[in-house]
Each structure stands twice: as structure tokens, then as C-alpha cells.
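Subject: Structure for your review

Dear colleague,

Please find below the structure that I am handing over to you. My notes on what was found in it follow.

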Amino acid sequence: TEGSVFSASDCAWFKLFKGMWQAYSEHARECSSGVRYYAEKSPHDVVRDISPQMYTKNIFLVRDPRDELVSIREFNKKRGYNGFGWQPQEQEIAYAKRLCDMRRGFFQTCADFVPSDRRLLLTYEKIIENEESQVTRLEEFLDTKLDRTKIHQAMPGSVRHATAKSPERSVRRWKNELNADVCDLIWNELGDSMEKLGYRKT
């Protein structure tokens, strides 16, 4: 993008970033013999700028923003204070509009997604509803075998973050837990991209 510090391979900032990345990668290999990958969360626009300059594998994880909003709201209630940019006294519909503004670029990127050996798109809903097929896709993308028991061993530790009674109940909960005006706003803002990704208005 215009003004990106990662837009050119000869940029001083990019050289610094690349040097730090390479140094950490070498350190990770030295400390973890046999490990092929390490994961790094990153904004999608940073991924876009870095990938042409460095070899990375990019996994894009998408979730219905209506369910994301419900999850944020309920997690804020659970811990007793607001996070995720939700301001004190801010009405839900106002936050929904800002959430759409924050997610718009990402959803457009995912809606226009072209898969490759370096790019994989996963949706939260498919992972929950058909874990086996999605793990298989991830294995094929990474060309490595994943230990499925690790997923379930980690689940007890994630209970403090959960706001639904089960992973299955975290899918499409917006239908019962989100006001119609908020649902309409999100669809009006992001619906074109959401529809391309397989989501529906109702």
C-alpha cells in the first residue's frame, strides 16, 4: 500500500525487519531441532507486503463477523471490562460499525482469495463442524503430519476464553443473540465479501 514501510526490498526498514526475522528463524531452528515451522500472527496487509520479498506460508482464518461480535461482547462481560477496542458506554450498533470498518480490508482480501502453495484460507465454521477435513487440508498445505491429540490437550486451557457452552454452539449464535438491526448493519457493510466466502444473510 502507499506509504508501506515494507513496499520495497531496498527499504531500510524492510532490511532491518528481514534481518530480525532471519535471526529469529535461525535461533528457533537451533532451539527446536526437527521443527519445520513457527507461527506468527500478522495483519493481512503486512502479509501482503512481506510475502513477495520473503518465503512465508500464509494461513488466512475467517470467522463470521456477526459471531465474532457476539463473542467479543460476551467475553467482555465475562471478564468485567471492555477490550477489542469497545469503548466504555459505546452502544453495540456503534461498535458493530467500527468492527466492520476494521474488518473490511481483510474480508475483501479473503473474498478475492486465490489459493496457492503459499496461501490457504480456512473458516472458523468449517474447522468446528468438520475438524478432520480441515486438519487434513492444513497438513497438505504444510506438507507435514500434525498431532491431533495436541489440539484436544490444549482445549482445557482455553476454557477461560470460551463464551459458548461448546465449540459447536459458538457457530451461528448470532441468529439468537444479536439484534436484527446489528445483523443488518454488518451485512450491509460486509455482505458482498461475506457472500463470496459462503456466508448468508439469514
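I begin with a single residue of this predicted model. Leu16 counts as partly exposed because its relative accessibility is 46%, which falls between the limits of 20% for buried and 50% for exposed. This leucine is part of helix H1, which covers residues 12-31. Together with Trp13 and Met20, Leu16 forms a nonpolar patch on the surface, and the accessible area of the three is about 380 Å².

The chain as a whole contains nine helices and two strands. Along the sequence they follow the order α-α-β-α-α-β-α-α-α-α-α. The C-alpha atoms fill a box of roughly 50 × 45 × 35 Å along the principal axes. Of the 202 residues in the chain, 35% are buried.

Next, I turn to charged pairs. Side chains of opposite charge can pair when their charged atoms come close. The whole structure holds 15 salt bridges, and a series of them can be followed from helix H4 (residues 92-111), where Lys97 and Asp101 lie four residues apart, about one turn of the helix. Their side chains meet in a salt bridge with an N to O distance of 3.0 Å. Lys97 is partly exposed, at 31% relative accessible area, and Asp101 is likewise partly exposed, at 38%.

Asp101 also forms a salt bridge with Arg104, with the closest N and O atoms 3.0 Å apart. These two residues are both in helix H4, three residues apart. Arg104, at 24% relative accessibility, counts as partly exposed.

Which residue meets Arg104 in a salt bridge of 2.2 Å, N to O? The partner is Glu189. This pair links distant parts of the chain, since Glu189 lies in helix H9 (residues 180-196) and Arg104 in helix H4, 85 residues apart. Glu189 is partly exposed, with 28% relative accessibility.

Finally, I draw your attention to the second largest pocket, which holds about 200 Å³ of space. Its lining has 14 residues, and Glu125, Arg172, Gly198, Tyr199 and Arg200 lie nearest the centre.

Yours sincerely,

A colleague

Technical notes
Residues numbered from 1 in each chain as written. Predicted model: local features only at pLDDT ≥ 70, side-chain atom pairs only at ≥ 80, totals over all residues. Heavy atoms only, no water. 1 Å grid on protein atoms, 1.4 Å probe; cavity = no way out; pocket = protein on both sides within 12 Å on 5 of 7 lines; lining within 4 Å. Points joined across faces, edges and corners; volume = space filled by probe spheres on them. Patch = residues over 30% accessible without salt bridge, like charges linked within 9 Å, V, L, I, M, F, W, Y side chains within 5 Å. Areas by Shrake-Rupley, 256 points an atom, 1.4 Å probe, with all protein chains shown as cover. Salt bridge = Lys/Arg side-chain N within 4 Å of Asp/Glu carboxyl O. Buried < 20%, exposed > 50% of the residue type's maximum accessible area, 1.4 Å probe, protein only.
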